[in-house]
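Hi everyone, thanks for coming. Have a look at the sequence and the model on the screen, and then I'll walk you through two spots.

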Amino acid sequence: MTDRATLLPSSGPAEGSGRKVTTNRRFSTLADAIALHAGAESASFHTPGHKGRSPADFASFFDAHPRQADLTELPGLDDLSCPTGVLRDLEARAAGIWGAAESIISVNGASAALEATMLALAAHGTTVLVPRNAHRSIIHGLVLSGLFPLWYEPVWDDEWGLWGSVAATSVERLLERLGSETAGLIIVSPTYAGAISDIQAIAGLCRDYGIPLVVDEAHGAHFVPKTTMPVSAVGLADVTVHSLHKTLPALTQTGLLHIRRNSLLVPDALRSTMQLLQSSSPSYLLMASIEQALQQVELQQAQESIGRLDCLCRQLREAVSNLPEYTCYAPPAGSDPSHILLGCPGRQPEQLYGFLAERGIFAETILGNGVLFMLGLGTTAADVQLLTAALSDFGADVMAEPAGVSAFVGMPPPAPRPSEIVQILSPRQAFMMPATVVPVNDSVGRISQATIAPCPPGTPLLVAGQRVPAEILECAGLQSLRVVVDD
Ligand SMILES: Cc1ncc(COP(=O)(O)O)c(C=O)c1O
């Protein structure tokens, strides 16, 4: 069983970063570790969105016979590198659901789709507008493409210690200043914590400036048109990327790259860059699980499945609003109902995470000053009841404690706003240069060759080509750093 003593949150600079919760338990095999976790878990509020359940209505051949379904490019099974048959049809179904002109399957998650998009963007210029909360796959895309990042800041939330949405007015100012020089604009919406940006307004601005807009909607695949969920970026941005395992019930490592009609990034270019980054033996298990996920969000089924998810999200939010010990992250520009970030003033988020884990309830992560819970299509009413009861018990413990015993009173001190990134070289230039490893104390002021972006959430604390800031010394556990030679 997981116990509080074995959960070890690591600390780092609190710039909207997740704090990894690890355990000091050692297992002899991966299979043992997985089995132990699965046996201990009574409710999942983390990825993947299937929550360990097969969709009952659509349980297919591969659920019953996974090894027989683990196939290759045999007659009738098509070829993902150049799909013309059953896989092309599957992509067309995906495009139909979200209203894309074309969709491309990824068997390497949203990560490969974002990296492929960055490679395709390089044909449009040498610099790209990148938000401070970009996922590390964007940084990897910078290394692969050679694009130079022009960093911009979404709204910083002091109370939660997080980057949030991007205001259309800020984008307008950015484009006025830099629009003519740049190959494209990247936006993360929804963010990991669920903040949504006004993509409609931003897409209009990008169109006016003739700049490709790329939306990392990895956490918003459940934004299905004609449901109660927020509007998806798919019909608006030139490229929108989905991760299918975060909230939908596809297996981990699945994603989609959607291209809108009249996109400035053409499908052919994106298909060839995707080919560079995908295995030549894409897993049919993964692709069959994409089909299962699509079945759940297609036509009438979407009303039911997304409606059920929305209802569970509302139930949980309402239950929490009746528990005075908690605060719930509510970004002003709107939020994704399925990602719920909770703080408990008077307690460290690590304590809440540990308390729940002892009861077999696993949250996604500790993020900023809160604990992040993710609901997905596999979430059940029983999961929500279990979590609500445990939150209530934890809250009662907090209230029962005599004043002054708590680790602190009120919310934790606000996380400091991260310092500006001073990007000296492009990530690719830094990556290709001779480098040396130095003790972290000696790295400040030098140019980093390393990118540090622990997952979750995978947002960078340090980017290759950046001048190493003094804050790096607060990064617990970091003893040495690779820096470029002759800077
Ligand atoms: C904002 C964001 N974008 C992209 C990704 C990459 O998604 P995937 O795990 O499907 O590769 C993640 C993963 O956590 C993410 O949080």
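So, which helix gives the most to the shell around the ligand? That's helix α5, residues 109-121, with four residues; helices here are DSSP runs of H or I, at least four residues, numbered from the N terminus. Quick housekeeping: this is a predicted model, where local features need pLDDT of at least 70, side-chain atom pairs count only at pLDDT 80 or more, and totals for chains, interfaces and linings use all residues. Residues are numbered from 1 along each chain as its sequence is written, and side-chain values use heavy atoms, with hydrogens and water left out.

Okay, the ligand. The residues around it, meaning those with a heavy atom within 4 Å, include G109, A110, S111 and L114, plus H135, D216 and K246. Now some polar contacts, pairs of N or O atoms within 3.5 Å. A polar side-chain atom of S111 sits 2.6 Å from a ligand oxygen, and for S243 that distance is 2.7 Å. A110 uses a backbone N or O atom instead, 2.8 Å from a ligand oxygen.

Next, α5 has a neighbour. The axes of α5 and helix α6, residues 136-145, come within 8 Å and cross at roughly 35 degrees; axes are lines fitted to C-alpha atoms over the stretch in contact, with angles from 0 to 180 degrees between N-to-C directions. On the α5 side, S111, L114, E115, M118 and L119 make the contact, which is heavy atoms within 4.5 Å. Among their partners in α6 are I138, L142 and L144. Notice S111 and L114 again: they're around the ligand and they also meet α6.

Notes:
A polar contact is a pair of N or O atoms within 3.5 Å; within protein, one must be able to donate a hydrogen and the other to accept it, and residues adjacent in sequence count only if both atoms are side-chain atoms. Helices (H or I, at least four residues) and strands (E, at least two) are DSSP runs, numbered from the N terminus.
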